[in-house]
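Here is a short tour for a reader new to this structure. Look through the model first, then follow the headings.

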Amino acid sequence: MPIPTSRPLLVDCDTGIDDAVALLYLCRTEGVDLRAVTTVAGNTSAERAARNTLQVLEVAGRTDIPVAAGAATTLRGDTLSEAAFVHGDGGLGGVSLPEPTAPLDRRHAVDLIIDTARQAGGELDILATAPLTNLALALRKEPGLPALIRHVTVMGGAVHHPGNITAVAEANIGHDPEAADAVLTADWDLTLVPLDVTMRENLTEEHRQRLLACGTPVGRLAGEALDFYFAFHEETALPFRGSACHDPLAAGIAVGEVTPKTAPRLHVTVDTADGAARGALVADTRGIHRGYSPQPGANANVVLETDGTFPDLLVDRLCQARK
Ligand code: BDR
Ligand code: CA
């Protein structure tokens, strides 16, 4: 089924197992106009994430999409940490893919973001599924960027849910809090997809077996890469063999295929102090007992509830034969 409206989309990611699944989903969803992908260090290095992206896009038959690598350090100059224990050596759960045939775009990710936004004439949507350093640098380099962007969807943060890199900080926000704060408070329309929903949309071993058995290249890649991701989740976060659906769910929301059940407009910032709460999302949820009544100064739609059915849709999509 085509998605409700088709708009140009740029994905900024750190591919990464769930980023890879999100990209595969976007490539296989009719009507998605994926214009460019940029990468940042996070799950793996920015260069490796870019190479992974080229490989993943090639499996999906999309060697035409420009891919550029970006930031390796945070806004304040710290090395962006990598997460081989979550995503495996190389970032794709140990799955080895052929050398990509498409070359890396020579531009820095920041320039590809700005160029793509200009070309799309105010219509570009951005989906960010990684530390927000590239987007923050793009805002610095082109202060007029918000006027060129229709909507930004960010996978990140934790509202009523614990963090996943500290007690309170989620990885995409917590690895570069200054960048996250700049992106969340910039003057653009923004939807935040936090752990509150991504930890509750779960892929299971049954889903993974369906992916492996369905016979499409994208299904097989997703099924193989998820093996490592499932082991990590089972050891550290979930009471069963399976995983969260972080970046794919954010992709489903970004393209309008998933309609959140609860997504109040809230005032959100990020704790950038050097204390125990560094990297925590500070979301003003004081309206919780009054249906989140309108909040002056609110700057983000914060997704707090989805219906839990996205993993089924995702698996069906990855298993659909290519037209
Ligand atoms: C986020 O962190 C990364 O490990 C995942 O790819 C996702 O974007 C979840 O906290
Ligand atoms: Ca990611």
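## Around helix H5

The model is predicted. Start with helix H5. The cover over its buried residues includes strand S1 (8-13), strand S2 (33-39) and strand S4 (124-128). Helix H4 (109-119), helix H6 (145-148) and helix H8 (177-184) are also part of that cover. H5 itself spans residues 133-141. Its buried residues are Thr133, Asn134, Leu135, Ala136, Ala138 and Leu139.

Strand S4 holds Ala128. Ala128 has a relative accessibility of 0%, so it counts as buried. Setting aside residues within four places in sequence, Ala128 contacts Asp12, Leu135, Thr153, Val154 and Met155. Leu135 is also one of the buried residues of H5. Val168 is 40 residues from Ala128 along the chain, and their C-alpha atoms are separated by 20 Å.

## The largest pocket

The largest pocket has a volume of about 500 Å³. Its lining counts 32 residues. Val86, Asn164, Ala171, Phe232 and His246 lie nearest the centre. By class, the lining has 13 nonpolar, 13 polar and six charged residues.

Which helices supply at least two residues each of this lining? They are H1 (17-28), H3 (84-87), H7 (171-174), H11 (217-236) and H12 (246-254). H11 gives the largest share, with four residues.

## Val86, at the pocket

Val86 is among the residues nearest the centre of the largest pocket. It sits in helix H3. Is Val86 buried or exposed? Val86 is buried, with a relative accessible area of 11%.

Beyond its neighbours within four places in sequence, Val86 is in contact with Ile17, Phe228, Tyr229 and Phe232. Phe232 is another of the residues nearest the pocket centre. Val86 and Phe228 are 142 residues apart in sequence. In space, their C-alpha atoms are 7.6 Å apart.

## Helix H12

How many of the nine residues of H12 are buried? Nine of the nine are, so H12 is largely enclosed by the rest of the structure. The buried residues are His246, Asp247, Pro248, Leu249, Ala250, Ala251, Gly252, Ile253 and Ala254. His246 is also among the residues nearest the centre of the largest pocket.

Gly256 follows H12. Its phi is positive, near 85°.

## Helices H10 and H13

Two packed helices are described by the angle between their axes and the distance between the axes. For helix H10 (residues 205-213) and helix H13 (residues 310-319), the axes come within 9 Å. They cross at roughly 10°. Angles under 35 degrees count as roughly parallel. H10 and H13 are therefore roughly parallel to each other.

From H10, the contact uses His207, Arg210 and Leu211. From H13, it uses Pro311, Asp312, Val315, Asp316, Leu318 and Cys319. By class, this contact has five nonpolar, one polar and three charged residues.

## From strand S11 to strand S12

A loop runs between strand S11 (281-283) and strand S12 (300-302), and Asp284 is found there. Asp284 is buried, with a relative accessible area of 17%. Leaving out residues within four places in sequence, Asp284 is in contact with Leu266, His267 and Gln295.

Tyr292 is in the loop between S11 and S12 as well. It is buried, with a relative accessible area of 17%. Phi of Tyr292 is positive, near 50°. Most residues other than glycine have a negative phi.

Next comes Ala300, in strand S12. At 0% relative accessibility, Ala300 counts as buried. Not counting residues up to four places away in sequence, Ala300 touches Leu190, Pro264, Arg265, Leu266 and Val268. Leu266 is also a contact of Asp284. Ala300 and Ala171 are 129 residues apart along the chain, with 19 Å between their C-alpha atoms.

## A cis peptide bond

Most peptide bonds are trans. Which residues does a cis peptide bond join here? Thr15 and Gly16 are joined by one, with omega about 0°. Gly16 is found in the loop between S1 and H1. S1 is part of the cover over the buried residues of H5. H1 supplies at least two residues of the lining of the largest pocket.

Methods:
Residues are numbered from 1 along each chain as its sequence is written. Chains are lettered from A and ligands numbered from 1 in the order in which they are written. This is a predicted model: local features need pLDDT of at least 70, side-chain atom pairs count only at pLDDT 80 or more; totals for chains, interfaces and linings use all residues. Side-chain values use heavy atoms; hydrogens and water are left out. On a 1 Å grid over the protein atoms alone, a cavity is a set of points where a 1.4 Å probe fits but cannot get out, and a pocket is an open set with protein on both sides within 12 Å along at least five of seven lines; lining residues have an atom within 4 Å of a point. Grid points are joined across faces, edges and corners, and a volume is the space filled by probe spheres set on the points. Ala, Val, Leu, Ile, Met, Phe, Trp, Tyr, Cys and Pro count as nonpolar, Asp, Glu, Lys and Arg as charged, and the others, Gly among them, as polar. Axes are lines fitted to C-alpha atoms, for helices over the stretch in contact, and angles run from 0 to 180 degrees between N-to-C directions. Angles under 35 degrees count as roughly parallel, over 145 as roughly antiparallel, 65 to 115 as roughly perpendicular and the rest as oblique. Contact means heavy atoms within 4.5 Å. Buried means under 20% relative accessible area, exposed over 50%, partly exposed in between (1.4 Å probe, protein chains only).
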